[in-house]
Amino acid sequence: MKLVALAFILSLSFTQAYAQEEDKIYSLADEQPTYPGGMSAFFKYIQSEMQYPDAAKTAGVEGHVFVEYVIEKDGSVSGAKILKSLNGDCDKEALRLISNSVKWTPGKIDGKEVRVKMALPLNFRLPR
């Protein structure tokens, strides 16, 4: 009976350790996540889809919003949050853009797909 209980406890410990490893978010991977078509395509997406908030335009707000997000094992984007705010409306737009991007090619470590944290500045500049 003691042997069965010990085996059960070891099994639970292994399962928990495995689950924690599966959920780990890496800051750097052997192969970093890539946007389809590369970062130039990502910046074209940002430029074409950005809707400069009217209130920010009127107030002449310009600058950078720094966004952090996770590229999941399936390439989807999750957990987008503001690292450095510019303005509430610009922050919301930056989060919308990142969250609505198409799936990326996920990052890999030792050939295995992993979750990778990314950070990016989005530039809000009024046309001159």
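Modeller: Gladly! Let's start with Asp110, which is exposed because its relative accessible area is 72%, over the 50% cut-off. Keep in mind that this is a predicted model.

Colleague: Where does Asp110 lie in the chain?

Modeller: Asp110 belongs to the loop that links strand 4 (107-109) to strand 5 (112-124).

Colleague: And what should I look for in its backbone angle phi?

Modeller: The general idea is that most residues other than glycine have a negative phi. Here, Asp110 has a positive phi, near 50°, and is not a glycine.

Colleague: Let's turn to Val116. Is Val116 buried or exposed?

Modeller: Val116 counts as buried because its relative accessibility is 0%, and the cut-off for buried is under 20%. You will find Val116 in strand 5.

Colleague: Which residues is Val116 in contact with, leaving aside neighbours within four places in sequence?

Modeller: Among them are Ile25, Tyr26, Ala29, Pro33, Val70 and Ile71. Tyr69 is another of these contacts; Tyr69 and Val116 are 47 residues apart along the chain, yet their C-alpha atoms are separated by 8.4 Å.

Colleague: How do I read the protein as a whole?

Modeller: Begin with the secondary structure: there are four helices and five strands, and along the sequence they follow the pattern α-β-α-α-β-β-α-β-β. Then consider burial: 32% of the 128 residues count as buried. Finally, look at the contacts with a separation of 6 or more: 76% of them are between residues 24 or more positions apart.

Conventions
Residues numbered from 1 in each chain as written. Predicted model: local features only at pLDDT ≥ 70, side-chain atom pairs only at ≥ 80, totals over all residues. Heavy atoms only, no water. Helix = DSSP H or I, 4+ residues; strand = E, 2+ residues; numbered from the N terminus. Buried < 20%, exposed > 50% of the residue type's maximum accessible area, 1.4 Å probe, protein only. Contact = heavy atoms within 4.5 Å.
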